[in-house]
Amino acid sequence: MVETEDNYIIGMFRIPYSHKLQNEHEYRPAILLQHGLTSCSDAWILSGPNDALAYLLADAGYDVWMGNARGNTYSRNNTRLSTNHPYFWRFSWHEIGVLDIAAMIDYILDTTGEKAVHYAGHSQGTTVFFVLMAERPEYNEKIKTAHMLAPVAFMSNMKTLLAKYTRRFIGRPNTLTRLLDTTEVMQSTFFQELYNILCTNHPVVEFMCSNIYYLFNGDTDSGNMNKTVSGQLSETHPAGASSTQVLHYMQEYESGCFCQLDYGTAQNRKIYGQDTPPDYDVSKITAELFFYYSDADTLADVIDVEYLASKLPKMPIMNHFPGDTITHGEFTWHIRVKELVNMPIILACNAYENLVYTSDRS
C-alpha cells in the first residue's frame, strides 16, 4: 500500500522474482505497469503465465510492480474520506498522474534502491504518464524506458460512437456535467451482481456479457481477443472510476486539446488564473518513449498518436500495427499479445539494461 500526498491509499502488487529463474538474490531491474480506465492491475495477468506481460517480465528477470489508480477495486481507501463522501471522487486522471503515479514510482525506488524504473501503461495508463512527466518533469529522470500501449493524449479524431453522440452533452462544462461530476462509475460489485442475475442462464447471453467491458473500451470486433481472458473479465472488470475521469476525456475529444480539466470560466479563473484550462506542456516529456498503436484503434487514433509524437522533444520509437491487427483493448489481451506487444517491450528493456551494464563495465 502506498499513500499519496492527498491521503489516498493506493494498492500495488509485486512479482519480485521468478520461480523459474530462482533469481531472488540477483539484480532485477524494476518496472511499473499501469492499467487503463475502469481497469485494474489484474489486466496484466489475465492472459496467463505464458502470455501476460507481468509474468513474462518476471521470467525475463525483472522486478514487476503493478499499480492501481485511486478509486478502483484495489485503491478504495483514503485516510480522511469515505467512498460514500462525494469528495472522495473529486479527481480526474490529472491527480492519478501527478500524485498516484509519482507516489508509486517513489515507493518502488525507495524499496529497491534503484534510481529509475521502466514503465508500461495502457490507454489511461499512458495519459497519466504524460501528465506526470509534463507537470513534474523531474520524474523524467526516474524513467529508464516507457512503453505506451494505445497512447491517449490528443483525442480529436477518436471514432467511438458512444463519444460521438454524447460529446455535445458532456464535452464541456454545463448543468448536466455538474450533475454527473464527482461520482463513482463502473463499480465492480454492482456489475458483478448484475452479471450474476442477467448473464448466467444462457451460454449466448453469457458470451455477450463477457464482452461488455471489451466493447465499452471502444473495440468493435473481439475476434482477436484471447477467449480465456474474455471469460474472466466479468470477475475483475470493470474495476471502478470517477465520473470526472470520463468527463475529462470527453473534454479532450471536444476541444482537441491535451489540457487540464475545464471547470467553466468562473472556476477556471479561481483555479488556474485564466479563462481556460492550461495545456500540458509535452515539450517537457524527455523520457525514452516507445509507442505501440494501431489503425484499428478507435480510441487512440493514428492521427492523434502521431501528432503527439511530433510535439515531443525526442521522437518515440514508433511501433505501428496496420489494418485490423489489434484494437484498443487487445493491446493487453490479444490472442498473440506475447508476440506482437509483450516480447518487443521486454527486448527494449533488455537492450537498455545491457547498454547500461556495458557502459558501467567500460
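Reply: Rings of Phe, Tyr and Trp (its six-membered ring) pair if their centres lie within 6.5 Å; planes under 30 degrees apart count as stacked, over 60 as edge-to-face and the rest as tilted. The model is predicted, so local features need pLDDT of at least 70 and side-chain atom pairs pLDDT 80 or more, while totals for chains, interfaces and linings use all residues. Residues are numbered from 1 along each chain as its sequence is written, and side-chain values use heavy atoms, without hydrogens and water.

Me: How many aromatic pairs does this rule give?
Reply: The ring rule is applied as stated above. The count of aromatic pairs comes to 17.

Me: Is the pair of Trp93 and Tyr249 stacked, edge-to-face or tilted?
Reply: The ring centres of Trp93 and Tyr249 are 5.1 Å apart. Their planes meet at 35°, so the pair is tilted.

Me: How many residues apart in sequence are the parts that Trp93 and Tyr249 tie together?
Reply: Helices (H or I, at least four residues) and strands (E, at least two) are DSSP runs, numbered from the N terminus. Trp93 lies in helix H2 (residues 93–112) and Tyr249 in helix H10 (residues 243–255). The pair therefore ties together parts whose separation in sequence is 156 residues.

Me: Is Phe258 buried or exposed?
Reply: Buried means under 20% relative accessible area, exposed over 50%, and partly exposed in between (1.4 Å probe, protein chains only). Phe258 has 1% relative accessibility, so Phe258 counts as buried.

Me: Is Tyr87 buried, partly exposed or exposed?
Reply: Tyr87 is found in the loop between strand E6 (77–78) and H2. Because its relative accessible area is 43%, Tyr87 is partly exposed.

Me: Which residues is Tyr87 in contact with, leaving aside its neighbours within four places in sequence?
Reply: Contact means heavy atoms within 4.5 Å. With those neighbours left aside, the contacts of Tyr87 are Tyr8 and Leu81.

Me: What span does H2 reach from its first C-alpha to its last?
Reply: The expected span of a helix is 1.5 Å times one less than its number of residues. H2 has 20 residues, for which 28 Å is expected. Close to that value, H2 reaches 27 Å.
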